[in-house]
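Here are my notes for your review. Please keep the sequence and the structure open while you read.

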2 protein chains.
Amino acid sequence: MQYTITGHQLLGFSESALGKNTYQTFNPQTGTATPWKFCEATDSEVHTAMELARTAFETYRELPGNHRAEFLRAIAVQLELQQEDLVSVYMQESGLPEGRARGELGRTTGQLRAFAAVAESSSWMEVRIDTAQPDRAPAPKPDIRKCMRPLGPVVVFGASNFPFAFSTAGGDTASALAVGCPVVVKGHPMHAGTSEAVGRCIQMAARQTAMPEGVFSLLQGSSIGLGESLVRHPATKAVGFTGSKAGGLALSRLGAEREEPIPVFAEMGSINPVVVLPSATEPGKGWAKAYALSVTLGAGQFCTNPGLVLGIEGSGWTAFSKALAAEVDAVGTACMLHPKIASQYQELRTDFFAQPGVSRMTSKDEDQADTRATGGVAVVSAAAFRKNARLKREVFGPFTLLVTCEDQQDLMRTLTVLEGQLTASLLGDETEIKSATGLVALLGEKAGRLLINGVPTGVEVCPGMHHGGPFPATTDSRFTSVGTDAVKRWIRPLSFQNFPEGILPPALKDDNPLGILRMVNGEMTADPI
Amino acid sequence: MQYTITGHQLLGFSESALGKNTYQTFNPQTGTATPWKFCEATDSEVHTAMELARTAFETYRELPGNHRAEFLRAIAVQLELQQEDLVSVYMQESGLPEGRARGELGRTTGQLRAFAAVAESSSWMEVRIDTAQPDRAPAPKPDIRKCMRPLGPVVVFGASNFPFAFSTAGGDTASALAVGCPVVVKGHPMHAGTSEAVGRCIQMAARQTAMPEGVFSLLQGSSIGLGESLVRHPATKAVGFTGSKAGGLALSRLGAEREEPIPVFAEMGSINPVVVLPSATEPGKGWAKAYALSVTLGAGQFCTNPGLVLGIEGSGWTAFSKALAAEVDAVGTACMLHPKIASQYQELRTDFFAQPGVSRMTSKDEDQADTRATGGVAVVSAAAFRKNARLKREVFGPFTLLVTCEDQQDLMRTLTVLEGQLTASLLGDETEIKSATGLVALLGEKAGRLLINGVPTGVEVCPGMHHGGPFPATTDSRFTSVGTDAVKRWIRPLSFQNFPEGILPPALKDDNPLGILRMVNGEMTADPI
């Protein structure tokens, strides 16, 4: 390691270690603690970080977009410079393989550069200009112009399963920084060292590009209290979270109960239903293998993991089910992120196998060590599934439940009882899908992303991506946490009425100095006024 | 009256009167009850309305935009056909003058037509298309396309102070209907007859344009329980409310506490601070009279009523204050919406006059009848204002509090303690404003709309309008309740991955049959792919 992991909080450009309580992270591959000790952040450190962010906001929100873009790109460059060290810490704290670490780092730098482009283009400002009509009867119409501006300091919670891409310098951080919101990250306790190493890259980039102190801070902690203090702090204006339903709901309620309520965007996972129409069960289509790989990818530790596969009874479905189970058996065991996650998985899988009417399809069942997980496939009838709430829980791990429906009506009835989802997938040929009246529409009500003939794992970072969905997939289905539209969580409109040209912000000036597409008197144009 | 006001609930295309409890509305001009009796809706009627809406949603959301536009325009035509009756009921139930009634009806039909244009243009769909890159390394990129879709049934609460424009067929209803959400309105108990008359116009328009039954229902009630039942009903997917802070907060917390939390957009009013810079105190500028008229307009019963005017001590400010008070005295009394509102106003005004350090500026103080209000102006030092939370309350009525600041620093300190506002106004010349460092930026943090040299009352309905603002002006500063962007409260994105052309919704098809502007591979274009 070129640098030392100190276990301290990163407060603006400084560090701090006021806390008396410490904790360690764990290497699930070796079954031993990592060498570092992390201080639990104190309330006083929370206050310092948030007040630094509040002050930084006054400067940071006024910076031109290309200056913020420079900062985001400098973070990406720092991550690349430190790549070897970062990958090493990441692997020690997650047990994930090197290819995954490098791929996720590439995704993270890609996101930072994509949001840099958003910052630079000012495309997020949604400008509307309605010019004055002084002669309008019965009353003159004033000049009114509107653009977006940042909400203020954002608190981001690192996610256990994406130590790079959904954590310290992940999509939440990048999207908030892009639009002028300072960010205070709460590092996930399972990969605190990775968080610190990434946090130091951000700190370095902030210095290099002359950002105001407090534009970024990192607080570490393994207790629930730290997150609560961050959400409760009066300087916090919005929260981004990716994790469990229990955690997301608790933070969301805390945000709603504040004296000044704030939006808490929590992405809380999903069971991602997959409907297999008869034609897709044909062995030549290869869906059994493709889905076995999707279910077991990353030891199943993805929020888009397909946890529920529904088909219509018949020889095709029976053969598909067996093939899927055999393919999952063939994958073998995989190391999970943490012994706690592995034991929760094993318990939950066992509980699923024990539910009334559930038959186990996979044969391997010996979890070879505390942190290694074996894939699991089980099958149940639609009627038994519908009446058992325990079968609708998310299993965080390489497990999927097959649901056998009697016919299409039974399938529709079963889909109707599902809660909101991140994704819903449909396997089948076009004619078959078209003839399944109401099926696409019903799935559209349940999910934030629909797929035809694909697997839900592997979330593209692009403008067309919606990584969100009806409750409980997220706390607010109107927003996404992946893709360039993720910035919409952190901005609000501000109207300017009758402002002289000299006082208008650049986005709203007559001559359009930013060169952006604007709605002027109802028409989209990049022309000056 | 061509038709009878029955006092019944309008449930889809039917009516219903299961409730045993009845109430009446009140004519504040005559001090007598109106002739109609209204049934309090029952929980069973709530359930019927919401289930009709749930079923209607399945059809209504799939209608082409021009069909929904036809419905909205038919409502406007019905309102115009029934204009004489509507104006008569409105005046009887509100005590507002005929000119106001006709003006507000014109605004309401204007809004319906503006949202019809939004529905027809599909401009709200925010299409993003990222085409496939099958050759991309290391993994192929799938085709991903995204557009907006409606959330589902929306519950709208009628507002006391805008029986047409913010009630049964007001902006909340029109914006939700435009994007495919059925609407269930809870009529405001102070103008239940107006609500019913307007509701019958919507019912008629829905029949004429062959809308699905349940696209609109109206439930009447004077109890808090009715609103609570509507927000709690599982079919309700979002709520629009304009009213008091207490009411808005209660509904918002109810929405957050549901098993499936839903967004409650509440616009809860504001004291709308106005900063008067020295040059604006010159009598020739006419601001004292303009603001006296703004403060007393509609008996001060507007959420954008300027309730707080701040200036810097000196002879100019003293003269301006006296002139403003004299102009308010000159306006005379005005009828308020309801005796309850009038007595609340009188109590609150008296309480303001009695606060430490507050001096009364207006001389008229006899409220001539239960429902007539006299304008009030008081003055207090900035130091006394800052330390007294009671002086920061909204006074719903023709009252404004002048705050005398020692200097610009004292002014900035005072603005800093204000809560979120719908509007903030600045009077002064451009040089003066520019030299007041940080003033515009600070007001921008506090409000949703900034005005220079204007009055905040009179909210334009146009794309550039933001009628929202940081808490407690609204529950979510990211959304507006006025202007075409008001639709954003009721929509969510849905992504379609790897969909065959034949199954994609029209907005996302290659040949762009709707002819809309779309983001295709990062560029805005209306071209086919």
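This is a predicted model: local features need pLDDT of at least 70, side-chain atom pairs count only at pLDDT 80 or more; totals for chains, interfaces and linings use all residues.

The points below go from the pair of chains to the domains, the sheet and one of its strands.

1. **Symmetry of the two chains.** In general, two copies of a chain are related by a rotation about an axis and a shift along it.

2. **The interface between the chains.** Chain B gives 55 residues to the contact, and chain A gives 55 residues. On the chain B side, several elements supply two or more residues, including β7 (128-130), α8 (245-257) and β22 (447-452) of chain B. The most comes from β23(B), with 6 residues. By residue class, the side of chain B that touches chain A has 25 nonpolar, 15 polar and 15 charged residues. Of the interface residues of chain B, 100% are also interface residues in chain A, so the copies meet through the same surface.

3. Strand β23 (residues 491-497) of chain A runs parallel to β22(B), and 3 bridges join them. One residue pair to look up is A:Gln497, whose bridge partner in β22(B) is B:Leu451.

4. **Domains of chain A.** The assignment gives two entries for chain A: domain 1 (10-133 + 140-268 + 480-488) and domain 2 (273-452). The C-alpha centres of these domains of chain A lie 33 Å apart. Their contact takes 11 residues from domain 1 of chain A and 11 residues from domain 2 of chain A. Which classes of residue make up the domain 1 side of chain A that touches domain 2 of chain A? That side has 3 nonpolar, 6 polar and 2 charged residues.

5. **The sheet.** An open sheet of 12 strands draws on chains A and B. The order is β17(A)-β19(A)-β20(A)-β15(A)-β14(A)-β21(A)-β22(A)-β23(B)-β8(B)-β7(B)-β24(B)-β25(B), and the pairing is mixed. Which strands are at the edges? They are β17 (359-360) of chain A and β25 (523-525) of chain B, each of which pairs on one side only.

6. **Neighbours of β20(A).** Strand β19 (residues 376-381) of chain A pairs with strand β20 (residues 399-405) of chain A in the parallel sense, over 6 bridges. A:Gly376 stands opposite A:Phe399, and A:Ser381 has A:Thr404 as its bridge partner. Strand β15 (residues 308-312) of chain A also pairs with β20(A) in the parallel sense, over 5 bridges. There, A:Leu310 stands opposite A:Val403.

7. **Burial of β20(A).** Is this strand buried or exposed? In β20(A), 7 of the 7 residues are buried, so the strand is largely enclosed by the rest of the structure. In a regular strand the side chains alternate between the two faces of the sheet. In β20(A), A:Phe399, A:Leu401, A:Val403 and A:Cys405 point one way. A:Thr400, A:Leu402 and A:Thr404 point the other way, and all of these residues are buried.

8. **Helix on the sheet.** Helix α11 (residues 339-353) of chain A lies across β17, β19 and β20 of chain A. The helix runs at about 30° to β19(A).

How values were computed: Residues are numbered from 1 along each chain as its sequence is written. Chains are lettered from A and ligands numbered from 1 in the order in which they are written. Two strands pair if DSSP finds at least two bridges between them. Helices (H or I, at least four residues) and strands (E, at least two) are DSSP runs, numbered from the N terminus. Two residues are in contact if their C-beta atoms, placed from the backbone, lie within 7 Å. Axes are lines fitted to C-alpha atoms, for helices over the stretch in contact, and angles run from 0 to 180 degrees between N-to-C directions. Domain bounds come from an automatic or database domain assignment. Ala, Val, Leu, Ile, Met, Phe, Trp, Tyr, Cys and Pro count as nonpolar, Asp, Glu, Lys and Arg as charged, and the others, Gly among them, as polar. A residue is buried if 20 or more other C-beta atoms lie within 10 Å of its own, exposed if 12 or fewer, and partly exposed in between; C-beta atoms are placed from the backbone.
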